[in-house]
Amino acid sequence: MQLFLDTASIDEVRKAARLGVISGVTTNPTLLAKEGGVSYRQRVLEIAEVIDGPISVECVSRTADELVCEARELASWHPNVVVKIPIDDQGLEAIARCSREGIRVNTTLIFSPNQALLAALAGAAYLSPFVGRLDDVGHDGMELVRQCVAIVETHGLPARVLAASLRHPLHVTQAALAGAHIATIPPSVLWQMVKHPLTDVGIERFLADARVAGLIPSAD
Ligand code: E4P
């Protein structure tokens with residue numbers, strides 16, 4: 001399993017990259033809008049200097065023809081760009097056409113197993129089921145991740161399931177146990193995952209005992 005960072009903040013990408021566990025980055029217009037007017041291309045190129053892995057960049061066109069043109073443009077920014085295309089009829093056609101051209105697609109805004117199946121059949125490299133947004137409306141978002149994984153594995157489809165819209169550390173554990181190939185997580189969730197209060201207590205106790213044992217100088 002891999003972890004991607006779900007952010008358009010270059011500072012957050014730099015901080016997280018130091019931990020050595022981030023293999024890619026996902027962005028979307030909402031995340032970019034928080035970045036004070038930076039150009040999308042410039043931000044993607046900055047991220048590419050830090051993370052040597054897939055960077056998902058979202059298309060905003062609404063017809064298949066426009067989506068394909070936009071996807072070509074986004075893909076030309078950097079070899080690591082993966083274009084995000086939302087799944088509807090126009091999006092599905094664009095996914096198929098882009099995939100045939102060798103443009104890697106992350107199908108976004110997946111809310112049903114059939115949408116995932118269609119995107120995989122169209123050649124999408126990544127399927128992004130949106131867990132948190134399903135939870136928000138009273139559905140079991142993680143069940144969709146399990147269904148997507150079962151579909152691609154049962155039928156040997158090459159798409160990878162990228163659990164998205166994850167909101168807290170338990171989501172990441174559940175996505176891992178559900179067999180998601182990738183989880184994309186907000187930076188705050190990454191830092192929450194690292195922490196455990198008993199680890200902090202344990203470190204303090206070992207340090208205190210190390211002083212008593214003369215391994216390190218005493219604090220005073
Ligand atoms: C990632 O690809 C998605 O755009 C992101 O995870 C959506 O998260 P949200 O539902 O919290 O906005």
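**Ligand site and surroundings in a predicted model**

One oxygen atom of the ligand sits 2.6 Å from an N or O atom in the side chain of Ser-165, which makes a polar contact, because that term covers a pair of N or O atoms within 3.5 Å (within protein, one must be able to donate a hydrogen and the other to accept it, and residues adjacent in sequence count only if both atoms are side-chain atoms). On its own the ligand exposes 350 Å², and the protein buries 85% of that (Shrake-Rupley areas with a 1.4 Å probe; for residues, only the protein chains shown count as cover). Keep in mind that this is a predicted model, where local features need pLDDT of at least 70 and side-chain atom pairs count only at pLDDT 80 or more, while totals for chains, interfaces and linings use all residues. Residues are numbered from 1 along each chain as its sequence is written, and side-chain values use heavy atoms, with hydrogens and water left out.

**Around the ligand**

- For the side chain of Lys-84, the distance from an N or O atom to a ligand oxygen is 2.7 Å.
- Arg-167 also has a side-chain N or O atom 3.0 Å from an oxygen of the ligand.
- The surrounding residues are Asp-6, Thr-26, Asn-28, Lys-84, Phe-130, Arg-133, Ala-164, Ser-165, Arg-167 and Thr-184 (a heavy atom within 4 Å of the ligand).
- Sorted by class, that shell comes out as 2 nonpolar, 4 polar and 4 charged residues (Ala, Val, Leu, Ile, Met, Phe, Trp, Tyr, Cys and Pro are nonpolar; Asp, Glu, Lys and Arg are charged; the others, Gly among them, are polar).

**The protein overall**

- You'll find 11 helices and 8 strands here (DSSP runs numbered from the N terminus: H or I with at least four residues for helices, E with at least two for strands).
- The C-alpha trace spans about 70 × 40 × 30 Å along its principal axes.
- Out of 220 residues, 47% count as buried (under 20% relative accessible area; exposed is over 50% and partly exposed in between, with a 1.4 Å probe and protein chains only).

**Two residues to look up**

- Tyr-126 is part of strand β6, residues 126-129, and is buried because its relative accessible area is 6%.
- From Tyr-126 to Ala-75 it's 51 residues in sequence and 15 Å in space, C-alpha to C-alpha.
- Glu-143 belongs to helix α8, residues 141-154, and its relative accessibility is 31%, so it counts as partly exposed.
- Pro-129 is 14 residues along the chain from Glu-143, with 9.9 Å between their C-alpha atoms.
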